[in-house]
Amino acid sequence: MERVCKSVRSVYGNTLAELGKANKNIVVLDADLSCSTQTKIFAKEFPERFFNVGIAEQDLMTTAAGLACTGKIPFVSTFAMFASGRAWEQIRNTICYSNLNVKIAATHGGITVGEDGASHQALEDISLMRSIPNMTVIVPADSTETKQAIEYAASHYGPVYIRIARTSLPDIFDASYKFTPSKATVIKEGKDISILTNGETLIEVLDCVKMLEDKGINAEVVNIPVVKPLDKDTVIASAKKTKRVVTVENHSIIGGLGSAVCEVLSENYPVKVTRIGTNDEFGQSGSAKELMEFYGLTSNKLADKIIGILK
Amino acid sequence: MINQISESDIKELETISKKLRREVLIMIHNANSGHPGGSLSSIDILNVLFNKFLKKYPEGKKNPDYNKRDRFILSKGHASAALYAVMAHCGYFREEELLTFRKLGSRLQGHPSSVKMEEIEVSTGSLGQGLSIGCGVALGLRLDGLKSKVYVFMGDGETEEGSVWEAVMNAAHNKLNNIIAFVDRNRLQIDGSTESVKSIGNIKLKFEAFGWNTIEIDGHNFKEIYKAIESAQNSEKPTVIIADTIKGKGVSFMENNPNWHGKAPNKEELEQALEELK
């Protein structure tokens, strides 16, 4: 059955506009991608508080830093590739070193950028961002979580990186969901294996565990939207329970969620961890769906892999 | 009509510059590291700016008008010794603290840190970022209806960074006439003359082509420095003051010598320098 999917980018743009109404210190910056990132929704409502710096991502980040110096709360958007890559040093040396109140909402993260190919598929952004002191890193999984993560970023002082998917995503959480930055959530209890994930791969993992159930495997699913600071307790507790951990992410297996989990478990409760994501390689062109399949991130591929692990 | 600076003012500025130069050298010698060349080339401008123009509240946030202060961003953060010396002179902190420069636990970091020292507007050190930060500050001040100026101090070698020109376009596009930038044109960078490493050429024409108001001055002539900053106050465009300076100015053996970009004077060298700066 086809699911109804929502554009999380539109959710981002609309949430910004709502926040902008309530707080005149919210300003938004973009680098010539306001239609793609959907910051145009805010721009239309509050043109005087929207700044398009053109195709200049370094200037984008440091201009936001300057606005933060005057007490504004800048939300900065461009593609994850250019936000985290092109302007990494501006983020590191100006925004994070000075601990400025800048929110980087980067769209088009991961392999699901699709047809544009490897040059536009940021598979390293979470790794790059979480290695910087003072930075909070959030990867929401659906519209509800995206909205709440944006609202949290606006209310929390300090630099935040939020990865917003290019693809439209099905609803996972209902209105009762409460995003808690310090907590990872066990979405499904299980005893045979822990599957730790976030972002666009959460829905695939949820579908995958149904397939695993048919094979008699009772998997636990933990959603970790906040990669940094990581909720170590929940990760360790799940590992203690199942003794076997798999991480799944739309990102390189080097430096992202999988690495963060390994860092915590190796020091606190060493169990075998299998990281699933893209390997040490670049992406390529294709539809988002085809690429998810090709790189082994769809529910059926995940199920095959996990069955193999448990054999 | 441009206000003139009096002869007695100039005499006083000369005395202060000599004192600041001595302090810079003592700090760098004491730390056994630092950047004397580019600190000495910038002293005279910082002296005039901080003592004659910059609206400042060294007492900090407890002053209700703190928001109305002018903002200063040292984009060439390696000239930190010069900045600290002039800030101490202006009462931001006690002069004794200058001797903690570059020492473990000091607020006076090798490159300015706004986290260690809140009197610093924003951390700098990595070149090519200050002007762009300045654009953001200028936009924020404009949104708040504040008339404060944003002074950004850059090096000439720094203009080799592409990000500088992103910011130059930004300031012109947004008509940020509250920005007054300086280029410390001492013509030297670590590896040699700017023109041999990567020709900077005519900075004035470059900025003009990007839509800026430009002023060229002798960066060691107090009258010219004063007049330039004064005339930039009411510009309709962002202003850049391109200051012809001498790297290592005031110390004979440091002047125009790139070897003194980032080297501390030893005891004998310090003594000779202090003698020259009496």
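Two residues are taken to be in contact if their C-beta atoms, placed from the backbone, lie within 7 Å. With that idea in hand, the predicted model can be explored, starting where its two chains meet. By this criterion, 22 residues of chain A are in contact with 23 residues of chain B. On the chain A side, the elements that give two or more residues are helix H4 (57-69) and helix H6 (88-96) of chain A. The largest share, nine residues, comes from H4(A). Sorted by class, the chain A side of this meeting place holds eight nonpolar, ten polar and four charged residues.

Next comes a sheet in chain A. Strands of a sheet pair through backbone hydrogen bonds, either parallel or antiparallel. Here, five strands form an open sheet in the order E9-E11-E10-E13-E14 (chain A), and the pairing is mixed. Strand E9 (185-188) and strand E14 (272-278) of chain A are the edge strands, each pairing on one side only. From one strand to the next, the twist averages 25°. Strand E13 (residues 244-252) of chain A runs parallel to E14(A), and six bridges join the two. To find one such link in the structure, look for A:Ser252, whose bridge partner in E14(A) is A:Thr278.

Helix H11 (residues 257-268) of chain A lies across E10, E13 and E14 of chain A, and runs at about 145° to E13(A).

Two packed helices are described by the angle between their axes and the distance between the axes. For helix H4 (residues 130-143) and helix H5 (residues 162-173) of chain B, the angle is about 25° and the axes are 8 Å apart. Because angles under 35 degrees count as roughly parallel, H4(B) is therefore described as roughly parallel to H5(B). The crossing of H4(B) and H5(B) is left-handed.

The residues at this helix pair can be picked out by name. From H4(B) come B:Leu131, B:Ser132 and B:Cys135. They meet B:Ser163, B:Val164, B:Glu166, B:Ala167, B:Val168, B:Asn170 and B:Ala171 in H5(B). Taken by class, the contact of H4(B) with H5(B) has six nonpolar, three polar and one charged residues.

Definitions and conventions:
Residues numbered from 1 in each chain as written. Chains lettered and ligands numbered in written order. Predicted model: local features only at pLDDT ≥ 70, side-chain atom pairs only at ≥ 80, totals over all residues. Helix = DSSP H or I, 4+ residues; strand = E, 2+ residues; numbered from the N terminus. Nonpolar A, V, L, I, M, F, W, Y, C, P; charged D, E, K, R; others polar. Pairing = 2+ DSSP bridges. Axes fitted to C-alpha atoms, helices over the stretch in contact; angles between N-to-C directions. Parallel < 35°, antiparallel > 145°, perpendicular 65-115°, else oblique. Left-handed = near helix turned anticlockwise from the far one by under 90°.
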